[in-house]
Amino acid sequence: MSGPEQFRGTWRDGWYVVPHQVIFRDVDAYGHVNNAVFFTYFEWARTLLWFEVAGFGGALDIGFIVAHAQCDFRQSIEMEPIEIRVRYGEVRNS
């Protein structure tokens, strides 16, 4: 079972890609997305990826822990449409 169409990504070149529109609350006084917000974007895409591979469910159906997350900032983004791309490196029991 999958979730609503507007909450789905697509697979492209080994990445799970989720379209997103940056909104006003995500930007700082300079009009750029705050660095910490990037990890919120990744969390959203990661959750959608989990629902895609494990079956759509609710918050209690998320059965993973992120052991490591990394982001290399390459450019600033503003209030614009973006694509959030996530993938998993390995899945283990602990």
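Rings of Phe, Tyr and Trp (its six-membered ring) pair if their centres lie within 6.5 Å, and a pair counts as stacked with planes under 30 degrees apart, edge-to-face over 60, and tilted otherwise. The model is predicted: local features need pLDDT of at least 70, side-chain atom pairs count only at pLDDT 80 or more, and totals for chains, interfaces and linings use all residues. Residues are numbered from 1 along each chain as its sequence is written, and side-chain values use heavy atoms, with hydrogens and water left out.

**View 1. The aromatic pair Phe38 and Phe73.** Four aromatic pairs are found in a search of the whole structure. Phe38 and Phe73 form an edge-to-face pair, with 5.1 Å centre to centre and 80° between the planes. This pair links distant parts of the chain, 35 residues apart: Phe38 lies in helix α1 (residues 35-54) and Phe73 in the loop between α1 and β3 (81-86). Helices (H or I, at least four residues) and strands (E, at least two) are DSSP runs, numbered from the N terminus.

**View 2. The cluster of Phe38, Tyr41 and Phe73.** Ring pairs join these three residues. Phe38 counts as buried because its relative accessibility is 12%, whereas Phe73, at 41%, counts as partly exposed. Buried means under 20% relative accessible area, exposed over 50%, and partly exposed in between (1.4 Å probe, protein chains only).

**View 3. The largest nonpolar core.** A nonpolar core is a set of buried Ala, Val, Leu, Ile, Met, Phe, Trp, Tyr and Cys residues joined through side-chain atoms within 4.5 Å. The largest has 15 residues, and Val22, Val33, Tyr41, Ile77 and Ile84 have the most contacts inside it. Two or more residues each come from β2 (15-21), α1 and β3, and α1 gives the largest share, six residues.
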